[in-house]
Amino acid sequence: MIILIVFILLSLLAVTHIQFFIVRDLAYYNDRAAFQLLQEEFEQYYADHDDSWEGVHDEQFEHSHGFAEIVLVVDGQVLYQQGQLDIKSMQADGFHISLHDHDRKIGRLFVMNDSQYKTYEFKNMWYNILPNTLLVSLLLTAVAALGIIFLLSWGMTRPVRKIVAGIHGIRQGDANVPFPVHRKDEFGAISRALQEMNHSLASAEQSRKQLLSDVAHELKTPLMVIQGEIELAQERDVPLTQEKLSSLLDEVLRLSRLVHDVLDLSKLEAGGTELRPTAENIVEMVSVLIEKTQFLAEDKHIGLSMHASEDVIEVSVEKSRILHALYNILINAIHYTNEGGQVQLYVERMYSPDRQDEVVRIVIEDNGVGIPQEDLPYIFNRFYRADHSRSRPNGGTGLGLAIAQQNIAVHKGWIEVRSEAVKGTAFSVFLPTAKER
């Protein structure tokens, strides 16, 4: 901007300079007769004084009245001057007239008539104004440039300041930090990533707090039972009976199972579980599972059966984890099926449109009490029980389905559930076949 202003002002200066000489020469051509008469008068003076300029400085020339400035220079010396301008100014800006005696040059006149002098004054005035104008323009331009730079830098750094403030808010634990996510540039992309990260951190922190609360709640009951029995025995100063010892052992085993399940689930959710898959016949695995749980079904007079589409369907899995997942689901099915009911397991290959490949589906279906629709979205949450009347001491840890889901997920599988109150529930476990893995 400054360079542009300097260029414009210098251009104006050059135009003014050129224009002055054009106007000066035009004034000569418009009043050429007066200039010629003045020239002739000076040449006549020289001839009348025996080819000499002696006394010329005191002479009054008849045709000089229309001229504001006249300077006679001979051999570099000023012999006659009319007006106020110095010789340098006249030599630079005055109109030049050469004086001759026949073919011999006898001197030079530098003249300005009234019109030329006015143009000269305008030029000088403009020359005097231009430096000040230049300085003022440069000053104003510098101020404007600084202002624009400040505004631009303020505007450009504003999202950075917001992002920095947001990061500071994240450090302080604020879950609702405002970021400039509406922007469509790189700052917007960074803001959206930070906002997503903050929401993930807030969700993880909420999950951590909830887990601590749930674990504390689950540990509280058995610890109180153990503490109460021991304190009562101390107060009465009597040894614990075999029945009491068995009860305390049950509570200790329940605590141990809870801690083991919490640690196992935490590893699964954190991705810290290293699988050691081997090729296994899922039909045989389900058969073994039914044998291990048959006695529980028989206690409630529940029919437990399996239907497989093939005798051998191989999957590449870590056998213990898949058995654990299926066991947790099957135990729930037996528990929530009334006496005389049925629990059926189906094993089959099927084509998955989503995966564009074959998968194995294991269905565990019962005709029990079912799961209310409002509880279905939460059944895989830690410590969630769809049956709110089921007492914690008599129930499991509340982690069975959560662990089952995570064990299936680490094998790149998934679980689907459909249920209808009173009519029963069906859990479908999908696992990739050994060919895919």
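Both Phe42 and Trp53 are buried, and they make a handy way into this predicted model. Their rings form a tilted aromatic pair, with 6.4 Å from centre to centre and 50° between the planes. Phe42 belongs to helix 2, whereas Trp53 sits in the loop between helix 2 and strand 1, 11 residues away, so this pair ties together distant parts of the chain.

Phe42 has another ring partner, Phe61. That pair is stacked, with centres 3.9 Å apart and planes at 20°. Again distant parts of the chain are linked: Phe61 is in the loop between helix 2 and strand 1, and 19 residues separate it from Phe42 in helix 2. Phe42 has a relative accessibility of 0% and therefore counts as buried. Phe61, at 7% relative accessible area, falls under the 20% cut-off, so Phe61 is buried too. Ring pairs extend the picture to a cluster made up of Phe42, Tyr45, Tyr46, Trp53, Phe61 and Tyr80. Across the whole structure, a search turns up 15 aromatic pairs.

Helix 2 itself covers residues 32-48. With 17 residues at 1.5 Å each, helix 2 should span 24 Å, and the 24 Å between its end C-alpha atoms agrees with that. Its buried residues are Phe35, Leu38, Glu41, Phe42, Glu43, Tyr45 and Tyr46. An α-helix has 3.6 residues a turn, so residues three or four places apart point the same way.

Strand 1 (residues 67-74) and strand 4 (residues 104-113) run antiparallel and are joined by 6 bridges; Val73 has Arg108 of strand 4 as its bridge partner.

Another open sheet has 5 strands in the order 6-8-9-11-10, and its pairing is mixed. Strand 6 (303-308) and strand 10 (414-420) are at the edges; each has a single partner strand, so one side of each lacks a neighbour in the sheet. Ignoring direction, neighbouring strands here are turned by 15° against each other on average. Strand 6 pairs with strand 8 (residues 342-352) in the parallel sense, over 6 bridges, and Ala308 stands opposite Val347 of strand 8. Helix 8 (residues 319-335) packs on this sheet, touching strand 6, strand 8, strand 9 (357-366), strand 10 and strand 11 (424-432). The direction of helix 8 makes about 30° with that of strand 9.

As for the chain overall, its secondary structure comes to 9 helices and 11 strands. Of its 437 residues, 35% count as buried. Among contacts between residues at least 6 apart in sequence, 66% join residues at least 24 apart. The chain exposes about 26,100 Å², and carbon and sulfur atoms supply 56% of that area.

Technical notes
Residues numbered from 1 in each chain as written. Predicted model: local features only at pLDDT ≥ 70, side-chain atom pairs only at ≥ 80, totals over all residues. Heavy atoms only, no water. Helix = DSSP H or I, 4+ residues; strand = E, 2+ residues; numbered from the N terminus. Buried < 20%, exposed > 50% of the residue type's maximum accessible area, 1.4 Å probe, protein only. Contact = heavy atoms within 4.5 Å. Areas by Shrake-Rupley, 256 points an atom, 1.4 Å probe, with all protein chains shown as cover. Expected span 1.5 Å × (residues − 1). Pairing = 2+ DSSP bridges. Axes fitted to C-alpha atoms, helices over the stretch in contact; angles between N-to-C directions. Phe/Tyr/Trp six-rings, centres within 6.5 Å; stacked < 30°, edge-to-face > 60°.
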